[in-house]
Amino acid sequence: MFLDRDGTIIEDVGYPRDPAAVTVLPGALAALHALRGLGFALVVVSNQSGLARGLVSEAEAKAVHDRFLELCAAGGVRFDAVSYCPHGPEDGCDCRKPAPGMLLAAADRLGIDLTASFMIGDKASDVEAGRRAGCRTIRLSTAEDEQGAGAVASNWSAVYRLISAGTP
């Protein structure tokens with residue numbers, strides 16, 4: 001299971017710099033804990049272009065990351081891997097979503113079957129990265145029709161129901 005971070009697990013605040021602003025989205029930790037119980041590895045793949053743009057320092061990014069992990073651990077969720085792309089959109093790297101580089105590298109390292117996995121995110125680039133990697137996709141969105149997504153869920157309870165029912 002591949003997961004975007006900002007706007008998917010935690011509230012999207014733009015370019016996160018302040019660990020005190022890290023807020024877990026409602027239902028995310030309970031759903032992730034339950035998905036782990038279904039046998040899924042949990043891998044975070046996140047674009048963090050604020051680093052390349054000079055909007056976020058390495059120390060700020062680390063503090064936000066540490067707070068994110070602390071809140072998740074307090075909720076009983078641990079991740080098998082966490083990957084961040086620090087590049088900007090113009091850098092042409094293979095790790096920045098919608099490129100599938102972070103997903104492919106983690107799948108190779110952890111022995112994850114991409115065709116049996118999901119990419120869950122709130123943006124079109126998350127869905128596209130999952131599609132390119134060969135995963136099923138779920139977009140967290142309140143919109144009725146999200147083109148390109150295998151499924152759309154308005155909240156984490158809906159994500160869990162879709163996956164546990166084998167829907168997407």
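Which residues are linked with Asp-4 in a network of salt bridges? In this predicted model, the network joins Asp-4, Lys-97 and Asp-126. A search of the whole structure turns up 12 salt bridges. Side chains of opposite charge can pair when their charged atoms come close. For Asp-4 and Lys-97, the closest N and O atoms sit 2.8 Å apart. This pair ties together distant parts of the chain, with Asp-4 in the loop between S1 and H1 and Lys-97 in the loop between strand S3 (81-85) and helix H3 (101-110), 93 residues apart. Asp-4 and Lys-97 are both buried.

A second salt bridge worth a look joins the side chains of Arg-36 and Asp-80, again at 2.8 Å from N to O. Here too distant parts of the chain are linked: Arg-36 belongs to helix H1, while Asp-80 lies in the loop between H2 and S3, 44 residues apart. Arg-36 counts as partly exposed because its relative accessible area is 24%, and Asp-80 is likewise partly exposed, at 31%. Asp-80 also meets the side chain of Arg-78 in a salt bridge, this one with an N to O distance of 3.5 Å. Arg-78 has a relative accessible area of 52%, so this residue is exposed.

Helix H1 itself, which spans residues 28-37, has buried residues at Ala-28, Leu-29, Ala-31, Leu-32 and Leu-35. Why do they fall on the same side of H1? They do so because they cover an arc of only 160° around the helix axis. Ala-30 and Gly-37, on the other side of H1, are exposed. As for what lies over the buried residues of H1, the cover includes strand S1 (2-3), helix H2 (58-74) and helix H5 (156-164). After H1 comes Gly-39, which has a positive phi, near 100°.

Helix H2, part of that cover, is also where His-65 is found. Is His-65 buried or exposed? It counts as buried because its relative accessibility is 18%, and the cut-off for that label is under 20%. Neighbours within four places in sequence aside, His-65 is in contact with Arg-5, Val-82 and Tyr-84.

Over in strand S5 (residues 136-140) sits Leu-140. With a relative accessible area of 12%, Leu-140 is buried. Which residues touch it, once neighbours within four places in sequence are left aside? The contacts of Leu-140 are Thr-8, Ile-120, Gly-121, Asp-122, Ala-153, Ser-154, Asn-155, Trp-156 and Val-159. Ala-124 is 16 residues away from Leu-140 along the chain, and the C-alpha atoms of the two are separated by 10 Å.

The largest cavity has a volume of about 50 Å³. Its lining is made up of Asp-6, Ile-10, Glu-11, Val-13, Pro-16, Asp-18, Ala-21, Val-22 and Val-64. Sorted by class, that lining holds 6 nonpolar and 3 charged residues, with no polar ones.

Terms used:
Residues numbered from 1 in each chain as written. Predicted model: local features only at pLDDT ≥ 70, side-chain atom pairs only at ≥ 80, totals over all residues. Heavy atoms only, no water. Buried < 20%, exposed > 50% of the residue type's maximum accessible area, 1.4 Å probe, protein only. Helix = DSSP H or I, 4+ residues; strand = E, 2+ residues; numbered from the N terminus. Arc of directions from axis to C-beta. Contact = heavy atoms within 4.5 Å. 1 Å grid on protein atoms, 1.4 Å probe; cavity = no way out; pocket = protein on both sides within 12 Å on 5 of 7 lines; lining within 4 Å. Points joined across faces, edges and corners; volume = space filled by probe spheres on them. Nonpolar A, V, L, I, M, F, W, Y, C, P; charged D, E, K, R; others polar. Salt bridge = Lys/Arg side-chain N within 4 Å of Asp/Glu carboxyl O.
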